[in-house]
Amino acid sequence: MGLRKIIDNLKPAFSEGGKLSFLASTFDAFETFLFVPNTTTAKGAHIRDCNDMKRTMIVVVVALLPALLFGFYNTGYQHSLSVGAVPEFWASLWFGFLKVLPIIVVSYVVGLAIEFGFAQARGHEVNEGFLVTGLLIPMIMPVDIPLWMVAVATAFSVVFGKEVFGGTGMNVFNPALLARAFVFFAYTPSISGAEVWIAGLGSGEGVVDGFSGATALEHMAVDGTLGYSALDAFLGFIPGSIGETSTAAILLGAAILLFTGIASWRTMLSVFAGGLAMGYVFQWTGVTTYPAWWHLIVGGFAFGAVFMATDPVTSAQTNTGKYIFGVLTGALAVLIRVVNPAYPEGMMLSILFMNALAPLIDYYVVEANVRRRNKRIEPAK
């Protein structure tokens, strides 16, 4: 095909000995993004098919699209409610697109620039992981967050969350969550206040009386109510981060990940089970008065369970470890929400904490398996 011929004609200039050989990593990144590499491993036992890392990351991006598209619409929808206007579908979708697109652009431009820079400096291939991270970062941010703040947080997550560990596949913590954690602790008012969740609400201009923009998690922490109908919370017609409000859209993405085998159902299911179990513990002991399952449909719980906790790099690797990792992640998230009212969203800290424990979990799971097998082969006494 024509594009393949153009790439083949340009390739010698970027190969060793060519005039632009110093940009070999950059050229390889674009080539392998457009076409599946024709190289295979020379030794060892490996599964060989067309699903390389870039194709895998693209599937994850596709799975994120339902939540992202709904995030576009909900951004416009919430803005219309805040100013007393009747939300119209296409107008809300377009408004949200225009508000969210700059955040996505900044995330990709800053992150990819750093990724390409490190690859060129090290003479390595460009890591593919930022195809997903670059979209995850905007989706877990408030819509009115300043763009310079997104740029700084993205740079922090790529440099200190990935590159210092050696790049994609070597990082200990989920880079997108590190970006959110950086914003939360460095610029707390810009991500924890009620007003930032609605586009334009921070200025207070034209906001109708009685409209606060408080999230469902804030209502639960303050007065023990949801603040919205359970159906609206599940569908996503509530204030919140750009891509985290619609549990329905997130579950659609989960179906894509599970059908394609990209994400682990063990981890995903265990996160929901752990969160629900901890929610019932607080409900049965009288600490909370609202239904335990509310935790699963508000805040970043569903988004974290589907797209963050299942990260194959920072999660547990063993099958038993995935169950342990998931249950503890969900339980810890609800524990933080309930015990610390000043921080109603606990999913971010929960996943980051469990990222640090994941290698330890796998170690003890493997050691337990080794001990069991050694007992089987011990001669009878």
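**Group meeting: inside and surface of a helical chain**

Ser157 has a relative accessibility of 0%, so this serine counts as buried. Keep in mind that what you see above is a predicted model. Ser157 sits in helix α6, which covers residues 147-161. What does Ser157 touch, leaving aside residues up to four places away in sequence? The list is Ile137, Lys162, Pro175, Leu178 and Ala179.

Now the chain as a whole. There are 16 helices and zero strands. The chain has 381 residues, and 48% of them are buried. Next, the contacts between residues with a separation of 6 or more: 70% of these join residues 24 or more positions apart.

Helix α14 spans residues 301-308. How many of the eight residues of α14 are buried? Eight of the eight, so α14 is largely enclosed by the rest of the structure. If you want to find them in the model, they are Phe301, Ala302, Phe303, Gly304, Ala305, Val306, Phe307 and Met308. As a reminder, buried here means under 20% relative accessible area.

That is the inside. Now the surface. The chain exposes about 18,400 Å², and carbon and sulfur atoms supply 67% of that area.

One patch is nonpolar. Its members are Leu258, Trp265, Leu269, Tyr323, Ile324 and Leu328, and together they have about 550 Å² of accessible area. Which helices each supply at least two residues of this patch? They are α12, residues 265-284, and α15, residues 319-339. The largest share comes from α15, with three residues. Take Leu269 as an example from the patch. Leu269 belongs to helix α12. Is Leu269 buried or exposed? Its relative accessibility is 55%, so Leu269 counts as exposed. The cut-off for exposed is over 50%.

The other patch is positive. Arg371, Arg372, Arg373, Lys375 and Arg376 form it. Where is Lys375? Lys375 lies in helix α16, which runs over residues 347-377. With a relative accessible area of 63%, Lys375 is exposed.

Technical notes: Residues are numbered from 1 along each chain as its sequence is written. This is a predicted model: local features need pLDDT of at least 70, side-chain atom pairs count only at pLDDT 80 or more; totals for chains, interfaces and linings use all residues. Side-chain values use heavy atoms; hydrogens and water are left out. Patches are made of residues with over 30% relative accessible area and no salt bridge: like charges are joined within 9 Å, nonpolar side chains (Val, Leu, Ile, Met, Phe, Trp, Tyr) within 5 Å. Accessible areas come from the Shrake-Rupley method with a 1.4 Å probe; for residues, only the protein chains shown count as cover. A salt bridge is a side-chain nitrogen of Lys or Arg within 4 Å of a carboxyl oxygen of Asp or Glu. Lys and Arg count as positive and Asp and Glu as negative; His and the chain ends are not counted. The place of a charge is taken as NZ of Lys, CZ of Arg, CG of Asp or CD of Glu. Helices (H or I, at least four residues) and strands (E, at least two) are DSSP runs, numbered from the N terminus. Buried means under 20% relative accessible area, exposed over 50%, partly exposed in between (1.4 Å probe, protein chains only). Contact means heavy atoms within 4.5 Å.
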